[in-house]
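Thanks for making time this morning.

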Amino acid sequence: MNLQDLYAISPQICMIVLGMLLILFDLFFAQKILLRPLVFIGLLGIFLLNVFLWVNIDSNKSIDAFSNSLVLDEFGLFFNCFFIGVVFFIIFISQDYIKSSKAKSEYYSLIIFSATGMMLLTSSMELISFYIALELTTLPIVALVAFNRDIKSSEAGVKFLILSGISSALLLYGMVILFGFTGSTLFDDIANIISQSSISNDKALLFSSILLISGFGFKISAAPFHMWAPDVYDGAPMPITSYLAIASKVAGIAILLRIIYSIFHVNINLIGSWSEILIVLSILSMFLGNLIAIRQTNIKRLIAYSSISHTGFILIGVISLLVIVSESGVSNSLDAASSVIFYILGYSLTNLALFTTVTIITNNINSSLIDDFSGISKISPVLAFTLTLVMISLIGLPPTVGFFSKAYIFNAAIKADLIWLVLLGLINTAISAYYYLRIVKILYLEEPSDNLSINFNYNQKLFVISTLVLIFIFGIFPRPLIDLSYIVVNILV
Amino acid sequence: MDLNNFLIVSAILFSIGLYGALTKKHLVVIFMCIELMFNAVNLALVGFSKYQNLTLVNLNGHIFVIFIIAVAAAEIALGLAIVMSIYKNKDTIFITEIDSLKK
């Protein structure tokens with residue numbers, strides 16, 4: 001271990017220190033009011049540290065740390081910034097939720113620990129650190145899901161824990177086979193060995209890929225591994241639901257990209273079977289997610305199913321990436337990879353706005369049934385308009401960022417000659433329009449109930465309006481986001 | 001003794017664990033089954049590490065096992081805490097009777 005190693009993972013170290021400081025602060029000082037400012041200042045500092053590292057890193061060059069087991073590159077730095085931003089947002093919207101709780105500092109530090117796990121995950125290049133980071137991501141989320149300690153929350157927590165335990169066991173078995181047939185835990189060495197593998201090894205590698213994909217499928221809630229998502233989204237506290245829907249899913253997609261580009265891209269046969277398996281997952285996720293979402297009456301369950309269908313769309317991008325890699329080499333897959341990142345950005349931005357508005361509404365009406373949203377446009381036009389724009393963006397219509405995300409994903413799929421997959425995607429977009437627009441109908445065309453009132457403070461209003469503006473601006477000028485997503489994946493390709 | 005024996009036992013253990021985790025009704029038994037899956041993985045890792053003489057001295061597998069044991073312990077601690085909280089709320093830990101999220 002030397003200074004360069006510490007330099008490479010300094011954001012992660014600072015996050016851990018911040019989380020521990022919060023717990024210690026709670027032990028020694030009685031002023032709980034200072035906790036929130038401390039969290040915000042700490043996160044801002046770490047964000048600036050990340051920006052500093054990003055400015056100082058040479059593009060197209062990565063810094064290896066801890067004998068190649070961790071890496072500092074633009075891909076990792078981008079996701080560091082992304083996860084810090086999401087944590088910032090989660091803590092911002094949990095203001096009302098955490099007000100009555102006694103365990104404030106534990107809540108904040110669990111979120112921060114989990115985000116640290118995600119930051120380590122996107123920069124790990126070795127199986128052991130990868131697994132540890134994965135568990136560091138999952139276990140705090142389990143505690144947070146069960147944070148209310150009532151029956152719904154505990155039930156969601158235990159479901160999440162059992163299914164994530166099974167999925168990590170599957171993932172581990174896949175990793176062990178990979179390790180056993182290559183004799184190394186470093187991604188680089190594994191890639192070297194499987195690029196010259198014989199036919200007998202190919203079967204073992206295929207088996208390990210199937211296990212790995214089932215493990216990832218749980219993490220990104222792709223059908224048929226999606227069963228946990230609706231129940232956990234429903235039972236968890238609202239801010240944690242948004243954490244699961246945004247950060248957890250994005251982390252899963254990010255490590256999928258990392259693993260494909262650092263291990264599996266070298267073996268063409270293997271890439272072919274990966275894309276075949278992922279096609280099944282993608283089609284199932286889109287159809288199951290959308291068709292079951294139609295029947296939902298609870299907004300949280302609806303969001304869960306809609307996020308499952310979005311996983312299907314993201315997987316279209318990953319599939320076209322794999323097809324392009326197997327047909328014309330890694331260097332041509334830049335467009336497809338950047339379309340995945342762009343979709344992630346658009347999806348997260350839309351979900352930020354969605355969860356802010358839905359949190360404000362459900363806190364005020366004390367119900368998460370969609371029918372109780374009736375006539376909100378008459379009481380709070382801003383919220384109703386934001387929610388409408390969010391729905392339009394989730395469907396993928398202009399002039400919102402969701403339109404360009406879908407357009408780029410489909411563009412990548414067309415380049416990979418997957419026209420039929422694009423058609424299936426378009427059919428699903430049409431199906432999803434039905435249930436998204438039903439919410440808009442309930443908001444605008446139905447009469448409000450008598451004693452409905454919505455109060456939200458100045459900060460929340462400012463935040464809602466700024467996300468609204470961002471969705472709109474990036475729906476007209478997506479160029480900055482597209483450039484950013486090219487920069488991010490450039491190092492991988 | 002060769003590598004195959006280790007791998008066969010490990011595969012059998014893993015399958016028993018997976019079957020149990022998906023079919024059992026008692027929460028603690030489910031956690032035991034998950035634990036069985038982790039231990040199957042550990043057995044395979046130790047076997048690979050000992051018999052697959054690909055590089056010089058390969059301790060990676062053994063180290064991996066230590067990490068897996070630690071993480072599995074953390075997972076079970078968390079699981080039992082949540083089981084306690086379910087038992088306080090509902091007086092049962094059979095998953096067939098815990099159905100408040102289904103409507």
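At what angle do the axes of helix H11 and helix H14 of chain A cross? Helix H11 covers residues 228-235 and helix H14 covers residues 299-328, and their axes cross at roughly 140°. The axes come within 8 Å of each other. H11(A) and H14(A) are therefore oblique to each other. As for handedness, H11(A) passes H14(A) in a right-handed crossing. On the H11(A) side, the contact is made by A:Ala229, A:Pro230, A:Tyr233 and A:Asp234. On the H14(A) side, the contact residues are A:Lys300, A:Arg301, A:Ile303, A:Ala304, A:Tyr305 and A:Ile308.

Before going on, please keep in mind that this is a predicted model.

Let me stay with H14(A) for a moment. H14(A) also packs with H19(A), at an angle of about 160° and with the axes 11 Å apart. An angle over 145 degrees counts as roughly antiparallel, and H14(A) and H19(A) are therefore roughly antiparallel to each other. The crossing of these two helices, H14(A) and H19(A), is left-handed. H14(A) brings A:Leu302, A:Ser306, A:Ser309, A:Phe313 and A:Ile316 to the contact. H19(A) brings A:Leu421, A:Gly425, A:Asn428, A:Ser432 and A:Tyr435.

Next, the domains of chain A. The domain assignment gives domain 1, residues 1-112, and domain 2, residues 124-490. Their C-alpha centres lie 23 Å apart. How many residues of each domain are in contact with the other? The count is 23 residues of domain 1 of chain A and 29 residues of domain 2 of chain A. On the side of domain 1 that touches domain 2, strand E2 (70-72), helix H4 (74-93), helix H5 (95-99) and helix H6 (104-123) of chain A are the elements that give two or more residues. H4(A) gives the most to that side, with 11 residues.

The largest nonpolar core has 206 residues. Which of its members touch the most other members? They are A:Ile111, A:Val145, A:Val340 and B:Val41. Helix H8 of chain A, residues 151-182, supplies the largest share of this core, 18 residues. Domain 1 and domain 2 of chain A both give residues to the core, so the core lies between them.

We can look at one of those core residues in more detail. Leaving out residues up to four places away in sequence, A:Val145 touches A:Ser153, A:Ala156, A:Gly157, A:Phe160, A:Val232, A:Gly235, A:Ala236 and A:Ile240.

Now chain B. The contact between the chains takes 35 residues from chain B and 33 residues from chain A. Helices H1 (3-23), H2 (27-51) and H3 (60-90) of chain B each supply at least two residues of the side of chain B that touches chain A. H3(B) has the largest share of that side, 17 residues.

Within chain B, the axes of H1(B) and H2(B) come within 8 Å and cross at roughly 165°. H1(B) and H2(B) are therefore roughly antiparallel to each other. H1(B) passes H2(B) in a left-handed crossing. Among the residues that make this contact are B:Phe6, B:Leu13 and B:Phe14 of H1(B) and B:Cys33, B:Met37 and B:Tyr51 of H2(B).

Last, some backbone details, back in chain A. The peptide bond from A:Ala223 to A:Pro224 is cis, with omega near 0°. A:Pro224 is in the loop between helix H10 (199-219) and H11 of chain A. A cis peptide bond also joins A:Pro398 and A:Pro399, with omega about 5°. A:Pro399 is in the loop between helix H17 (381-395) and helix H18 (401-415) of chain A.

Two residues other than glycine have positive phi values: A:Ser221, near 50°, and A:Asp417, near 60°. Are they buried or exposed? A:Ser221 is in the loop between H10 and H11 of chain A, and A:Ser221 is buried, with 28 other C-beta atoms within 10 Å. A:Asp417 lies in the loop between H18 and helix H19 (419-445) of chain A. With 12 other C-beta atoms within 10 Å, A:Asp417 is exposed.

Notes. Residues numbered from 1 in each chain as written. Chains lettered and ligands numbered in written order. Predicted model: local features only at pLDDT ≥ 70, side-chain atom pairs only at ≥ 80, totals over all residues. Core = buried A, V, L, I, M, F, W, Y, C linked by C-beta atoms within 7 Å. Buried ≥ 20, exposed ≤ 12 C-beta atoms within 10 Å, placed from the backbone. Helix = DSSP H or I, 4+ residues; strand = E, 2+ residues; numbered from the N terminus. Domains from an automatic or database assignment. Contact = placed C-beta atoms within 7 Å. Axes fitted to C-alpha atoms, helices over the stretch in contact; angles between N-to-C directions. Parallel < 35°, antiparallel > 145°, perpendicular 65-115°, else oblique. Left-handed = near helix turned anticlockwise from the far one by under 90°.
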